[in-house]
Amino acid sequence: MHLFNITLQPPTNVTLAAVGSFSGTKGQEILVVRGGTRLEILKLNTSTGQHTYSQAFGTVRSVAGFRLAGMTKDYILLSSDSGRMSIIEFVVTPTPHFESLYQEVFGKSGSRRVVPGQFLAVDPKGRSSVRSLITLRSKLVYVLNRNSEGKLFPSSPLEAHKNHALITHVIGVDQGYDNPLYAALEVDYSESDEDPTGAAFEAAEKHLVFYELDLGLNHVVRKWSEPTDRRANLLVQVPGGQNATSDRFEGPSGVLVCCEDHVIWKHMDAEAHRVPIPRRRNPLAQRGEISRGMIIVSAVMHKIRGAFFFLLQNEDGDLYKLWIDHQGEDVVAVKIKYFDTVPVSNSLCILKSGYLFAASEFGDQNLYQFQNLAEDDDEQEWSSTDYPDNGNTTGALPYAFFNPRPLQNLLLVDTLSSLDPILDAQVVNLLGQSSDTPQIYAACGRGPRSTFRTLKHGLEIQQIVASPLPGVPNAVWTLKLTEEDEFDSYIVLSFPNGTLVLSIGETIEEVNDTGFLSSGPTLAVQQLGDAGLLQVHPYGLRHIRAADRVDEWACPPGSAITAATTNKRQVVIALSTAELVYFELDPEGSLSEYQDKKSLPGNATCVSIAEVPEGRRRTPFLAVGCDNQTVHVISLEPESTLTTLSLQALTAPPASICLAEIFDTSIDKNRATMFLNIGLMNGVLLRTVVDPVEGSLSDTRLRFLGAKPPKLVRSSIHGSPSVMAFSSRAWLLYTYQDMLQTQPLIYDALEYASTLSAAMCPEGLIGISGNTLRIFTIPRLGEKLKQDSMSLTYTPRKFISHPFSTIFYMIESDHRVLGPKAIQRIVSQKKAAGDRVDGSILELPPSEFGRPRAGPGHWASLIRILDPLTNQTVSTIELDEDEAAFSLTIAYFENMAGEPSLVVGTAVKTTLTPRGCKEGWLRVYAIKENGRTLEFMHKTKLDEIPLCVAGFQGYLLVGAGKSLRLYEAGKKALLRKCENNSFPTVIATINVIGARIIVGDMQESTFFCVYRSIPTRQLLVFGDDTQPRFLTCVTNVDYDTVACGDKFGNVFVNRMDQAVSEKVDDDPTGAGILHEKGFLMGAAHKTTLIAHYQVGSVVTSLTKVSLVPGGRDVLVYTTISGAVGALVPFISMDDVEFMTTLEMHMRSQNISLVGRDHLAYRGYYAPVMGVVDGDLCDAYSSLPYTKQSSIANELDRSVGDVLKKLEQMRTSSAF
Amino acid sequence: MWKCGSWFHAFPFSHPFLLSTGDAQSNMSSELRYTQNTQLEQLHARYTGTGHADTTKYEWLTHQHRDTLSSIVGHPSLLAYVAIADGECQARERFELIERMLQPCGKPPGKTDE
């Protein structure tokens, strides 16, 4: 088996972010690392929200922006699992892209303990030095220099190792222009490793250590070390050093040490200052309960007009403003106050233009604008001077409390929609007849910010107007009155028996005095020359030159016009006598006919000319489609007017044709390319490139658009030329990021549409659908998948669909959270005991403020019935206190008379370390009213957590711990019928295919089982895997083959030998299986691995489905980073050979920005097998032309052929 | 086998060195004592966790756990996975995992007379 991996939706979650002026222009950009592997530059404030991205093919561990003195732009410093430190430049011209400047090897590849690179700290003056290091042991210091050509290069590293130390965090200390200084939080573990009493472990201290890089002597010294809070987790840089011009100190320098519940300012040989981290009052805290300390999860420092402040964020998402009163280098007081609450983020970035970008750890990323800096509000402040000894006493400071409130200092201005984490997904077409492709339904997010999202392939449409019309028109156009007009004035609608002209003003109303012929249909309209209008109707042309002057041209008697095409200066019409007539605007502004008619070999069904190119008098080519299945390209140049230049035979009669000049860098990097688009009667769109000199056709691409013959219209989208195609779906061909894209619109089926430019919507489109007129816009280009979302209560875990209704059942559960029943119980208990309960925190919306935290073992959970088509919840069933749902399935029981039942596996007071629960339950619900209601039947107690359940031949299979059990439904409970408890770790998945059961173990891969009832009920294992696999999801590819995803981001396919499979199925008693000798300490038969691939993130779901109408089945996977991808099976060995060779050549190009070896990355845990990386192959189109052609030569193809093959691989099976 | 995974997964074994069976109670400082061969010595100094003939079960297991914990911290998607299972935020999870590296397998066994 050979598979081709394509990414449908790149990862969305932001793991790291840095702000800087990467493009070297005045504004600032944000560099985000998505899913650990994808670099993206986000730019604010431009209407298009421009961004650039690049795949790193490696896991980025740490990122920083830096600037050397005297440079005008920031560079990107990355450390990754390639074992290299990369210096990357963001280059804007000609097209924005990243360029890897230098890759300095510092260790082995992989995210290992012994390889530095987890932390990266840059000297704040950027001037020269950088260091990178890890959670353990070693630190390397690099000095960055420039060589004589001004190129950056790092010096060989200086080592500052300390054996047996765990490092929690490292930063650069701002010392002005003194020697660079770095601060680290270190714990020495050598003593606690050797002390069996445990006293050394208890007494282990965390040290704040300062390392100095002596630039003169070029070595690193451990300058200062002092024990600090054992629970310190984060360091924050404090500005320091003297201003070069005014001798004024920028700040006191030193660091902020963020610990549990405290923030300490520290510096060498200075008095420390300590303030508490204010916390919310927990109204549910019981008397005597010790609540856990609060840590700071992310921090950002911002300098503004010579002053500076910090924003710190805690685990609940509360932001604090912290600032330092200082006199010169001496700190007077450290003060902290509550600022606002935003979602918990991985990184906070403040832009100089007054924005805060919060890269939230899960879910959508938000951009906020600062309204004020909380300078004179009435929030309480806590100062270090309020406490004895500036807070530097032993023991904790008294608790400081604040009340969270809605945003006051920040204003939400934009949201980047983000799918991560996708916890479960289904790819299925629930829309029935109205859609020919499946949709992706995904359970996303975490906690109260969770969502259920529907992803549809296509561009989102924003409808502005939909108004009914008197009849069903077959075409619509818009017209300007003169060439200089900014907006369109007329809308022309052509009906089978008439033409309607509407004028656009304050309102849209019908006008009659336009000079247009209204008694018959119209074939084309055009604003001609400076101020003329043209109407083409079946029997002639009307050129309206002024209100009182109309030039008319009538068809020769006995003929009619079958097709017409126009631009600003030229008109071509095709007559029913298989002749072409050509008109051009003469210097006087009147249309003059070319002396000869051109006769064609067949009747023309469609004709097209492109727009007049800038600065030219005419477009050189005319394309004609004839009913004898040919397309002709005909010259319009004066010296060769109406001579045929080239001809192409087609597989079906052309229905529509369109010439358009669209920019595509993969074909021509400098100029727009002329594309000839041909819509065939069988629904296929052909796209070929027209040679600008000879008019010959090359590079034909095919795409099936839909069941109806496509109608093609040239239009303009966001100011650039595009082509629209109307088949059973509407499609748009346009340029996005300099590449030609073909995407469907998610909208009702349109018959026709034109560009509309009016005051109310300058970049709109006007279309007709049935007898309604639609005005709409396409707000966001480039977005492949349209999302509709619905918010959920808790973290979604799994969902399944009703067997035949469009209803989903979803289980949601949150750990360390109290459910509503528990909250009610605690509140009433506290009230009964006479305690005061402040309920205001409980009433805050949890989606913004979270829920009160509870200890481990507390769960809140519910079962949700939802309607995925309307995106609405039908109802929810809240589970009992601390009971959490882990699995669900639809089962058919004998005593339910063929009606499906829903079985939910739950557990009470589950803890993860050590794994266990108080009791497990199997809840059985009867499904009523077409799935819209659930009726509780009974529940059955278990001693383990039921992590998976599955219906099987009128029974229920349950995976509880190591045992697989078979249950039958009784009247009041489920009855255990048989059990197999020979599974090694924990059963994580159960898949049923026919009479076969495929059990996935949590660590030991899949087991093939069968159920035999004669002579006794038995569940027998007959096959297993040879490799340990930490499974997360399993799906059947066919009867003998399974595709699995694991916790480390691997997707692999295992196959059972067919002979074994048949032998097992032919054994009615299972005696053969039972008495077979085990092999390699396992089952008698082993599966063989036939494909293996690492996708780079934890795989959460796998579905086998066909993504395009008439396409083959592909494996769609989703990951925890919010990525969606597909593995497409190859059809022929030729393709396999071609793609594998291309991949091999692409690997040798070393395009990874971080310098990770591609083969090593894709084979991180086990070697890649039988899978070609489509992402790498797709990068072919962005290579320089010389490299492209040399690779194409090696493959014995042309560059165009390679690109065409790549596109075909993608479009034939996915989007 | 130890169970400290989340989402009920135990952590992976990434260490190539195989546990020598037998006495788990040997001298704890054996790793430091093992210095006859300078090349090997250098290897041990450079790559923490490299095994040798006298590696005890406790040492081996501790190295395993530390390797695993740092691998989770170093892979963003694994960290997110653990954080979701545990109901904590990623920064807290990262911090607790690094803290756990100090003594991941409990107290070391006492010395025995050799």
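**Note on chain B and a hairpin of chain A**

1. Of the 114 residues in chain B, 58% are buried, where buried means under 20% relative accessible area, exposed over 50% and partly exposed in between, with a 1.4 Å probe and protein chains only. This is a predicted model, in which local features need pLDDT of at least 70 and side-chain atom pairs count only at pLDDT 80 or more, while totals for chains, interfaces and linings use all residues. Residues are numbered from 1 along each chain as its sequence is written, and chains are lettered from A in the order in which they are written.

2. Chain B has five helices and zero strands, helices being DSSP runs of H or I with at least four residues and strands runs of E with at least two, numbered from the N terminus. Among contacts in chain B with a separation of 6 or more, 67% link residues 24 or more positions apart, a contact being heavy atoms within 4.5 Å.

3. Helix H3 of chain B (residues 57-74) spans 25 Å from its first C-alpha to its last over 18 residues, close to the 26 Å expected at 1.5 Å a residue, the expected span being 1.5 Å times one less than the number of residues. Because 16 of the 18 residues of H3(B) are buried, this helix is largely enclosed by the rest of the structure.

4. In chain A, strand E28 (residues 345-351) is mostly covered, with seven of its seven residues buried. E28(A) runs antiparallel to strand E29 (residues 355-360) of chain A, joined by six bridges, where pairing requires at least two DSSP bridges. A:Cys349 stands opposite A:Phe357 in E29(A), and in the three-residue turn of this hairpin A:Gly354 has a positive phi of about 90 degrees.

Conventions. Heavy atoms only, no water.
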